[in-house]
Amino acid sequence: MNVNLVPDDLWDRIAPLLPVRPRRHRHPGRLPVPDRVALAGIVYVLRKGVAWRDVPSEVVGCSGVTARRRLRDWTEAGVWPRLHAALLIELRRAGLLDLNDCSADGSHVRALKRGDHVGPSPVDRARPGSKHHLIVDRHGTPVAVTLTGGNRHDVTQLLPLLDAVPPIRGRRGRPRRKPRRVYADRGYDFDKYRRLLWKRGIKPIIARRGVAHGSGLGKVRWGVERAFAWLHQFKRLRIRYERRAALHQGLLELTCSIICLQRLRRSF
């Protein structure tokens, strides 16, 4: 197994979250592939963007079929959102998470195999596509990510995206579940959603359509643009190959966790 795919600090955080496989006493068969080796296969596909059948077992230590099967099992067990939430708590405890100012945006990706949460993309000649919706803190740290069809408007997913933010502890008092201010571009310019944000106690700072550029929102919104660049450095996320939306969502959450862990490493 290539240890660079699953470093010790990543494995130490994932291992306690993995479900325990029941032991087979009768007819045990072959020994199962170790979880860390299977995770290396998942990370290899996530970084390289290759098909599961093309995973080199001599480099990773297991076949791509085994890695995909573990991805399915761990996604169904809810491993990835718990991992992301745990890393957000670590960041907040270390004073590296600024939830006062958050930015939200969406990004289109082509979906080659259709499936759940796929729709005609308005920016890709109505080809099948999906959309990544992301909310980040002031430093560009991913706080929550969701997946929808490519024909869903960004503003309709703003409230579900806020609902996807987990309770983030790490400081004395109640856990944080919402930002104080949300920054967004002109695609979110609807007074209805401004009122809904005010009802939640969140101040909307959204650019107005028809107004000349130079509002200054880019001083905060650059974080979400950079986060999308980080996200799509993982080649498997540039194009959606998974027919099952839950598997692609799991890869998104795993990538957000890796980005959070990289921010923790830079702080030391």
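User: Is Arg 13 buried, partly exposed or exposed, and at what relative accessible area?
Analyst: This is a predicted model, in which local features need pLDDT of at least 70, side-chain atom pairs count only at pLDDT 80 or more, and totals for chains, interfaces and linings use all residues. Residues are numbered from 1 along each chain as its sequence is written, and side-chain values use heavy atoms, with hydrogens and water left out. Buried means under 20% relative accessible area, exposed over 50%, and partly exposed in between (1.4 Å probe, protein chains only). Arg 13 is partly exposed, at 23%.

User: Which residue meets the side chain of Arg 13 in a salt bridge?
Analyst: A salt bridge is a side-chain nitrogen of Lys or Arg within 4 Å of a carboxyl oxygen of Asp or Glu. For Arg 13 the N to O distance is 2.9 Å, and the partner is Glu 90. Because Arg 13 lies in helix H1 (residues 8–14) and the partner in helix H5 (residues 79–93), the pair ties together parts 77 residues apart in sequence; helices (H or I, at least four residues) and strands (E, at least two) are DSSP runs numbered from the N terminus.

User: Which helices hold Asp 35 and Arg 70?
Analyst: The side chains of Asp 35 and Arg 70 form a salt bridge at 2.8 Å, N to O. Asp 35 is buried at 17% relative accessibility, and Arg 70 is buried at 10%. The pair ties together parts 35 residues apart in sequence, since Asp 35 lies in helix H2 (residues 35–48) and Arg 70 in helix H4 (residues 64–76).

User: Is Asp 101 buried or exposed?
Analyst: Asp 101 forms a salt bridge with Arg 138, their closest N and O atoms being 2.7 Å apart. Arg 138 is partly exposed, with a relative accessible area of 32%. At 8% relative accessibility, Asp 101 is buried.
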